[in-house]
Every structure is written in structure tokens, then in C-alpha cells.
Amino acid sequence: MSESWPNPLKLEVKSSRSTTHQLSERDLDGINPDGFAAVLITDRWLKGPRWVLCPAQFLRPGGHNDKELAAVAETNQADLCGKLNRIWSNWILDESVWSKLFLQDHMKIKAAIKWCLQHHPPRQNKSKGNLHEGRLADALDRFRSALDKFLSAETGPKQEGFIHQYLLGDALEQLGYELTENPIGVPDIRATLPVGSNAVRNGIRQNVQQWKPQNNSLVQLREQLLKLTDAELEALSGIVN
């Protein structure tokens, strides 16, 4: 649920056409101690392709393979990852949308993908489980081949990383985060849930709902709090904090 999502969220984004990802000391310094390496796992045996969020505090500089990173991530931020993967995979699976990217040869790649997202949002893909994973893996392979033909086999893989990062940022914005992107520094993405957003308001109410008072006076207080509007709860939370 949104109340458990990190705020702020610091991400160092890693994607690769192999199953190994490099994390430098500089990468980790930019997201420690409470940030994440956002890694695109492509190994089909690990339910790829999918994004995982690996806590920086459990990582070391050097190479990490998909299996190791999937284990580090485990179920960390499962709700957030599930929603990010659904939004990201919709774009990859909708070939009619991303094929338009390669018709915009008058634009730079970032401007072209921004245009595609604005003017041709992808359809919701309702496939699940192994069927979804298989279709997504095939679609990602076709996207990579088309990208390499559009650019070159040499520059395609590098540009693919920027595209995935942009798609991940767009997914975060759809979920209510406000982004500060840093294409030449670390972290790659810093995202915050603004005060007053639905995610924050829902989180305050959920915290009150999950509170287990220890005496009758506190039980009555909890009942009174739940009668407040979202705006009133938010204002009260600001005073308490």
C-alpha cells in the first residue's frame, strides 16, 4: 500500500542485456543508506523481465548477477514494484505504441519517447503469470531488435538504458511521485510523494485504522480520528510531526 512506499525514494537505475549489473562505489554512495538499486531482471527463471528494488545497504561495489539481486530484493517493496512493473510492461507489450517511436527520426530519443507517452499511451495488458512473463520477454526482444536497427547495434543498448529509466520515471509519476531526475549524477531518480497527495492522505488514514489502542480512552480517540476528513487528518499529522 502507498503508506509503506519510501518517501523520498532514491533510485540508481540499472538495466543490461546480460544478467550482470555493475554498481560502483559512487552509485552506492548516492543512494545509501535508505535508497535502492532499481534493477531490470531479465532472467526468465527469476520471473523476468521485471523491476526489483534492492536496498542499497545490502549491496557492495562490483558486479551483481540477476539471481543475487533478486535474492537481495526478495519481497522488498512488493506492492510498489508490482504497480511499476504493470505500467512499464504495458508499454513494452504494446508494439503498436513503441513502433511509433522509430518513426520520429526527426527527434532525439528522449523527446521521441516523451511524445509517444503523451500522445499514444499504451493499452492495459491483462495477461498474468507465466503467460504475461513469456509475452513480455518476447516483446522486449522485439523492442531491442527494432531499437538497434533504428540507432545501431553499438548505441542501441546504451540508449535502451535511458529509455527504461524514462519509462520507470513515468510510472512513478503516474503513481503520484514528483521526480527530480539526474541523468549525469547520482542518484538517477529522486522521487517524493508531496504532502496533500492522495497517497499521503490514504497513508495517514490507514495508519490510524491499523493502530491497536491499549485502553478505552485511546480506543475512543481512534474512533474520533477516523471520523475526521482526509484534510483534517493531514493537518493534525502536520502538528504531531
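Q: Where does Asp148 sit?
A: Asp148 is found in helix 6, residues 129-150; helices (H or I, at least four residues) and strands (E, at least two) are DSSP runs numbered from the N terminus. This is a predicted model, where local features need pLDDT of at least 70 and side-chain atom pairs count only at pLDDT 80 or more, while totals for chains, interfaces and linings use all residues. Residues are numbered from 1 along each chain as its sequence is written, and side-chain values use heavy atoms, with hydrogens and water left out.

Q: Is Asp148 buried or exposed?
A: Asp148 counts as buried because its relative accessibility is 19%. Buried means under 20% relative accessible area, exposed over 50%, and partly exposed in between (1.4 Å probe, protein chains only).

Q: Which residues is Asp148 in contact with, leaving aside neighbours within four places in sequence?
A: Arg17, Ala153, Gly156 and Pro157, contact meaning heavy atoms within 4.5 Å.

Q: What joins the side chains of Asp148 and Arg17?
A: A polar contact of 2.7 Å. The term covers a pair of N or O atoms within 3.5 Å; within protein, one must be able to donate a hydrogen and the other to accept it, and residues adjacent in sequence count only if both atoms are side-chain atoms.

Q: Switching to helix 2, which of its residues are buried?
A: In helix 2 (residues 66-73), Asp66, Leu69, Ala70 and Ala73 are buried. Seen down the helix axis, they fall within an arc of 100 degrees, so they line one face of helix 2; the arc is that of the directions from the axis to the C-beta atoms.

Q: And what covers them?
A: The cover includes strand 2 (20-23), strand 3 (36-41), strand 4 (50-55) and strand 5 (62-65).

Q: What caps the N-terminal end of helix 2?
A: Asn65 does, with a side-chain oxygen 3.2 Å from the backbone nitrogen of Lys67. After helix 2 comes Glu74, whose phi is positive, near 45 degrees.
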